[in-house]
Amino acid sequence: MLSWKFGKVFALVACFSLVAAACGSGNEDGNAYEADGVGSTASASLINPDGNVLGTADFEQGPTGVLITVAVNGLTPGAHGIHLHSVGSCTPDFKAAGGHITATDEPQHGLKNPQRTVDNHDNGDLPNLYAAADGVAQAEFFTSLVTVSDGSMPALLDADGSTLVIHENPDDHITQPIGGAGGRVACGIIR
């Protein structure tokens with residue numbers, strides 16, 4: 001039998017997959033985009049502000065999106081916002097990672113944001129990551145809003161790279177610009 005926390009994470013990931021599909025992961029024919037480089041992979045070593053390694057994130061390109069697998073420890077128990085940021089740098093104090101990955105000049109953050117459309121969504125949005133009482137979090141996320149290296153969506157391995165950032169608080173999926181997720185507690189350069 002699945003534990004309650006695993007079931008909750010699974011439900012959120014499944015829900016995000018549906019939301020992502022509804023937010024325009026299609027091409028001009030209305031069909032799901034097909035990324036070049038199916039099977040392409042990348043990874044990130046997640047560090048805290050002191051430079052200590054907390055865990056890893058792996059990224060694998062599928063035919064319609066990217067599967068992200070996260071294993072991390074040392075977090076405070078509970079929900080944490082987790083986002084894909086636009087610059088492949090974590091120094092100093094994780095601010096160099098820039099804002100979220102986006103393909104628009106005025107992105108609307110938040111998976112539940114009523115102002116979010118096919119044309120203005122924030123490509124870096126992900127569901128929250130949940131850490132257990134011991135500070136350990138393991139999750140899989142699927143997003144059709146980015147690619148690993150090629151395709152019709154922004155690529156993680158573009159010219160200036162990208163990062164995966166974990167925040168101190170949960171993302172409410174509505175508030176601009178980061179859902180009230182607070183400070184950056186972990187960062188990993190995607191390579």
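What follows is a short chat about a predicted model of one protein chain.

Visitor: What are the ground rules for this model?
Guide: It is predicted, so local features need pLDDT of at least 70, side-chain atom pairs count only at pLDDT 80 or more, and totals for chains, interfaces and linings use all residues. Residues are numbered from 1 along each chain as its sequence is written, and side-chain values use heavy atoms, with hydrogens and water left out.

Visitor: What is the mean pLDDT of the chain?
Guide: The mean is 84, and 81% of the residues reach 70 or more. pLDDT is the predictor's confidence in each residue, from 0 to 100.

Visitor: Where does pLDDT stay under 50?
Guide: Over residues 1-34. The model has 48 contacts beyond four places in sequence for that stretch. Contact means heavy atoms within 4.5 Å.

Visitor: How many helices and strands are there in the chain?
Guide: One helix and nine strands. The pattern along the sequence is α-β-β-β-β-β-β-β-β-β. Both element types are DSSP runs, numbered from the N terminus: helices are H or I with at least four residues, strands are E with at least two.

Visitor: How do β1 and β2 pair?
Guide: They run antiparallel, joined by seven bridges. Two strands pair if DSSP finds at least two bridges between them. Ala44 has Ala57 in β2 as its bridge partner. The hairpin has five residues between the strands, and Gly51 there takes a positive phi near 90 degrees.

Visitor: And β2 with β3?
Guide: Antiparallel too, over seven bridges. Asp58 stands opposite Thr69 in β3.

Visitor: Which strand does β5 join through four bridges?
Guide: Strand β8, residues 163-167, and the two run antiparallel. Ile82 has Ile166 in β8 as its bridge partner.

Visitor: Which way do the β5 side chains point?
Guide: In β5, residues 82-85, Ile82 and Leu84 point one way, and His83 and His85 the other way. All are buried. Buried means under 20% relative accessible area, exposed over 50%, and partly exposed in between, with a 1.4 Å probe and protein chains only. In a regular strand, side chains alternate between the two faces of the sheet.

Visitor: What share of the chain counts as buried?
Guide: 43% of the 191 residues. The chain exposes about 9,000 Å², with carbon and sulfur atoms supplying 55%. Accessible areas come from the Shrake-Rupley method with a 1.4 Å probe; for residues, only the protein chains shown count as cover.

Visitor: How many residues does the largest nonpolar core have?
Guide: It has 27. Phe59, Val70, Val72, Leu84, Leu129 and Leu164 have the most contacts inside it. β1 (41-47), β2 (53-61), β3 (66-72), β5, β6 (129-131), β7 (137-143) and β8 each supply at least two of its residues. The largest share, four residues, comes from β3. A nonpolar core is a set of buried Ala, Val, Leu, Ile, Met, Phe, Trp, Tyr and Cys residues joined through side-chain atoms within 4.5 Å.

Visitor: Which other core lies apart from it?
Guide: One of five residues, among them Cys90, Ala97, Val165 and Cys187.

Visitor: Back to Leu164. What is it in contact with?
Guide: Beyond four places in sequence, its contacts include Leu46, Phe59, Val70, Ile82, Leu84, Leu126 and Ile190.

Visitor: How many salt bridges are counted?
Guide: One. Arg116 pairs with Asp125, the closest N and O atoms being 2.4 Å apart. The rule is a side-chain nitrogen of Lys or Arg within 4 Å of a carboxyl oxygen of Asp or Glu.

Visitor: Which peptide bonds are cis?
Guide: Thr91 to Pro92 is cis, with omega near -15 degrees. Gln176 to Pro177 is also cis, with omega about 0 degrees. Pro92 sits in the loop between β5 and β6. Pro177 is in the loop between β8 and β9 (184-189).

Visitor: What about phi for Asp93 and Phe94?
Guide: Phi is positive in both: near 40 degrees for Asp93, about 70 degrees for Phe94. Asp93 is exposed at 52% relative accessibility, whereas Phe94 is buried at 3%.

Visitor: Last one: where is Thr147?
Guide: In the loop between β7 and β8. Thr147 is buried, at 0% relative accessibility. Its C-alpha atom is 6.1 Å from that of Val66, 81 residues apart along the chain.
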